Structure formats: structure tokens, C-alpha cells
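Please keep the sequence and the model in view while reading.

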Amino acid sequence: MAGRRPVRGFKSWVLCVALSSGCASVPEQAVSVSPLESGAFEVSVQAAQPISGFQTGDWPAQEWWRSFHDEQLDRLMTEALAQNPGMQVAAARVRAAEDAADYAGAATQPTLGLNGSVSRRHFSQNELVSPSFAGTTRNQGRAALEFDYDFDLWGRNKHVLQARLGEAQASKAEQAESRLILSTAVAQAYFRLYSGQERLKLAGDALTWREVSLTLARSLSDRGLESSYMVEEARVELEQTRQTVEGLEQQVRLAKTALANLMGKGPDAAAEIAAPTIHVDKAFPVPENLAIDLLGRRPDVVALRWRVEAAAQEVGAAKARFYPNINLVALVGLQSVLLPRWLTAESAIASLGPAIDLPLFDGGRRVATLNTRHAEYDLAVAQYNQAVLDATREVVDRLGDIQTIYRKRQQQEKVLAAQRQIYQFAQSRHRHGLSDYASVLRVGQRWLDQRNAEIELEEKHLQAALALIKALGGGYQIPSSEAKS
């Protein structure tokens, strides 16, 4: 029975410590901001989905750019995602966040360490030591195995661990957001290159026609059938077309160097980029459960949601600091001021006992820390709520953009078809001698103008489709392990 008294005494002491926790009261703090849900926007989505412009489909695939059927775009995207420094920065942040979580997790585990030392020491004659040591110099040794365990009675370490895990998950979602931003930037530059190349080919045809118009005007002027004013007008139109060609050539060069930069390469890599051959379907697929699943498909929203969770755990950790905590410390080893006797049984040392941290007064540090954590939580929730509102608005707006562009393209196709017939009719009249070639050139120029308008609408359609893909999360899916968390 005598051997159990220390255990009962230890338990009683722990109980007394726990009961005394009321000495540091936790201040009340009301939560001023609450997280939003996605809200109902099914009506807005349906209003922006004409049957002719959309089709019910799945969410964008993770490699959504393959739906544009351009092998060069696939290659450029793969190189950019692998070599762009921005993606390397995002990956480094994920590793740092995971390491921080591992470090926080270590605090929930016991520690065990072995340390030893050998030293030569001179003992003072006025020191509280055995008379036989006073005034002497001795070699001494110490070796000990030390054990430390934090009971974490109020879960402070666990809250900190959960906060770091939440930040690690947020970093992963932010990495996916960086991937989405980069991939859409590559596609935007590639689409600009595509439209620039198409306009450049069209401008080349217009330049040829302007040269023919100038030659014809000079011929008619020489025969007295046209005034010199018509020659000068043709010359001005030719010069304007040349300037247009130069501007389009510059646009193509800038698009290529932008792509090279996004790929993590120098400007010389732009010379290796050929003309795009992309294709986009006019009927764009839209997910069936758009309003229900949107917030789980947007990496920026998911990242902010994890930031909210991490901030909530930080609040819990700050609250736990108001309560006492207990560490169990144990030591066993050898220690001797006589080095020859150091490794003998008589030099054995051992200790076992609790260490308590009892908060009483700290000048308001704990209160200030808790209030700061509450403010950070409110900030995280407010940022999350704004992201939710932005996400739903962006989806509805992008659907409306595609709807508008789809209708414009339908109208433009009719206009272009009519202009093509007029041009063919003008050519037929000229072949039969019913009109001069100048009228054919004028009608042909109007057809080129309408074709240029069609190219512009096609680029807007591509950019709108890309913007909708980005608004839908670009194929991001929450990992199964994260979803369980």
C-alpha cells in the first residue's frame, strides 16, 4: 500500500491544478461574421442558357484545353505547367505548409533525447560543495536520457496542428488556382495568336486588292477616265492597309513572346511556335448541377474555406492558453564529478515529475492574442463570403457573355453569306462585261470587312469560353482525402 501513495498524491495534485483553472477567465467574444452558402442562382443560370447556345454536360476536364483540338496548344500547356516559375513557387509553398504541419504534429508527441558532456571544472572554496572538492580541479561527466510529454489538457497543440493542416490544404488549393491562372493565361495568349494570324492572312488579301486598285486607278487616270484624286485615294488606302499588316505582325510577335515567357523560356523560343489550328464548338456544355457543386469546384473558394477552418483552430488554440497545462518530465542517466567513477552504478541519477504552467497574470497578452485571432477569423470569413459572391456572379456573367456572342455569330454568318453572294454576283457581272473591275474590288473589300468582323467574334467566343471554364474552376476537384477532412 505504501508504494501507491505517490501515485494517489500525483493524481490529487493534478486534480487540484485542473480545479484552479478558473483563475484565468476567457473573455467572451461574439462571432460577427458568418460564412455564406452559394445562394440560389438557378433562375439566373437558366435565363442565360438558350437551348441553341448550350448543352447539358459535365464539368470541364482537368486538361480542358484538349477540347480545342490543337496539338501545339497541348504541348505548350504541358511545358508551361512544368517550367513556369510561378508554378514552382506554388509548389514550394505547399511543401513549406506541409512541413509546418509536420512540425506542429511533433508537438503532440512525446520527446526523447540523449545528451552527454565531459568537462574539466575548478570548484571554488566558497562554493557549497564537499570539503574534499573545494579548491580542486576535477574532470566530470554526465549522460542522461530525457523524456518529456505535454498532456495538452485543453487541446492547444491539437488546435495548432489542425490549423497548420488547414493551411496546408489551403496551399494545395492555391496551387490548383495558380495552375488555373497559368493555363488560362497560356490559352488567352494562344487565342490572341490565332486571331492575329487569321487577321494577318485577311490583311494580306486586302493588301493585294489595294495594290490592284491602285494599278487600276492609275490606268484609268492615264486614259483620262478617272481623276488624279481617285489615284491618290487608292494610294492612301494602300498605305493604311500596309500599316494594318505591320500592326498585326507586331500583335503576332507579342503573342508568341508572351507564350514563350509563360513557358518559362526566353524570347528566342517564340520562333518555334507555329500558327494555331484551334477549334471551338458553338454549343458549349454546362454542368447540370451547377449551383449545387460550384463552391467545391472553385480552387480559390476552397482555399479560402480552408483558411476559415485554420483561423477557427487558431481561436481554439488561443483559448487553451488561458488554462493550466502539465508536462511530464523524466530523466535517467549517469553523473559524477569524478570521471573514473562516471560509468559506475553509484553515479546513477533519475527523476520523474510533472511540470505545471499556470496562467495568472500576463498584462493582457492572452486577451490581446485571442482578440487578434477572432479578428483574423472574421477577416477569413469575410474574404470567403466575397469569393462566394464573386464566383456565382462570374458564372452567370460568363454564361450571358457566351449567349450574346452566340447570337451575334449567328447573325454575322447570315451577313457574311449575303456579302459573299453579292461579291460572287459582282464577279459574274464583270466577266460578262456589265461592270468594271473597280466595282468588284469595292464589293470584295466589304466582304473582307465582314470576314474580319467574323474573326473578331470568333476570338471573343474563344475568350468567353475560356472565361467560363475559369469561372467553373477549370476541372479542379477536391481530393478524396481533403473531402473527408
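The model is a predicted one, in which local features need pLDDT of at least 70 and side-chain atom pairs count only at pLDDT 80 or more, while totals for chains, interfaces and linings use all residues. Residues are numbered from 1 along each chain as its sequence is written, and side-chain values use heavy atoms, with hydrogens and water left out.

The strands provide a starting point. Helices (H or I, at least four residues) and strands (E, at least two) are DSSP runs, numbered from the N terminus. Two strands are said to pair if DSSP finds at least two bridges between them. Strand β5, residues 325–336, pairs with strand β3, residues 137–150, in the antiparallel sense over 10 bridges. β5 also pairs with strand β6, residues 348–357, again in the antiparallel sense and over 10 bridges. Individual residues show these pairings: A330 in β5 is the bridge partner of F147, and S351 in β6 is the bridge partner of L331. In a regular strand the side chains alternate between the two faces of the sheet.

The nonpolar interior comes next. A nonpolar core is a set of buried Ala, Val, Leu, Ile, Met, Phe, Trp, Tyr and Cys residues joined through side-chain atoms within 4.5 Å. Buried here means under 20% relative accessible area, exposed means over 50%, and partly exposed lies in between, with a 1.4 Å probe and protein chains only. The largest nonpolar core has 28 residues, of which W64, F68, M77, V186 and L259 touch the most other members. At least two residues of this core come from each of α3 (71–83), α5, α6 (228–262) and α10 (437–471). The largest share, nine residues, is supplied by α5. A second, separate core has 27 residues, and F322, Y377, Y384 and A387 are included in it. In soluble globular proteins, nonpolar side chains tend to be buried together.

Contacts give a more local view; a contact means heavy atoms within 4.5 Å. With neighbours within four places in sequence left aside, L259 is in contact with L76, V186, A189, Y190, L193 and I273. Helix α5, residues 156–222, also holds S195, which counts as buried because its relative accessibility is 1%. Not counting residues up to four places away in sequence, S195 touches Q251, I455 and E459.

L81 lies in helix α3 and counts as buried at 18% relative accessibility. Although 97 residues separate L81 from S178 in sequence, their C-alpha atoms are 9.7 Å apart in space. Beyond residues up to four places away in sequence, L81 touches W65, M87, R179 and L182.

Helix α8 covers residues 299–320 and contains Q313. What span should the 22 residues of α8 have? The expected span of a helix is 1.5 Å times one less than its number of residues. For α8 this gives 32 Å, and the end C-alpha atoms are 32 Å apart, which agrees. Because 16 of its 22 residues are buried, α8 is largely enclosed by the rest of the structure. Q313 is itself buried, with a relative accessible area of 14%. Apart from neighbours within four places in sequence, Q313 is in contact with H159, Q162 and A163.

Most residues other than glycine have a negative phi, and most peptide bonds are trans. H69 has a positive phi, near 55°, and lies in the loop between β1 (54–57) and α3. D152 also has a positive phi, near 50°, and lies in the loop between β3 and α5. Are these residues buried or exposed? H69 counts as exposed at 54% relative accessibility, whereas D152 is buried, with a relative accessible area of 8%.

Finally, the structure holds five aromatic pairs. Rings of Phe, Tyr and Trp (its six-membered ring) pair if their centres lie within 6.5 Å; planes under 30 degrees apart count as stacked, over 60 as edge-to-face and the rest as tilted. W64 and W65 form an edge-to-face pair, 5.4 Å centre to centre with 75° between the planes. W64 is buried, with a relative accessible area of 3%, and W65 counts as buried at 1% relative accessibility. F123 and F133 form a tilted pair, 5.7 Å centre to centre with 50° between the planes. F123 is buried at 4% relative accessible area, and F133 is buried at 16%.
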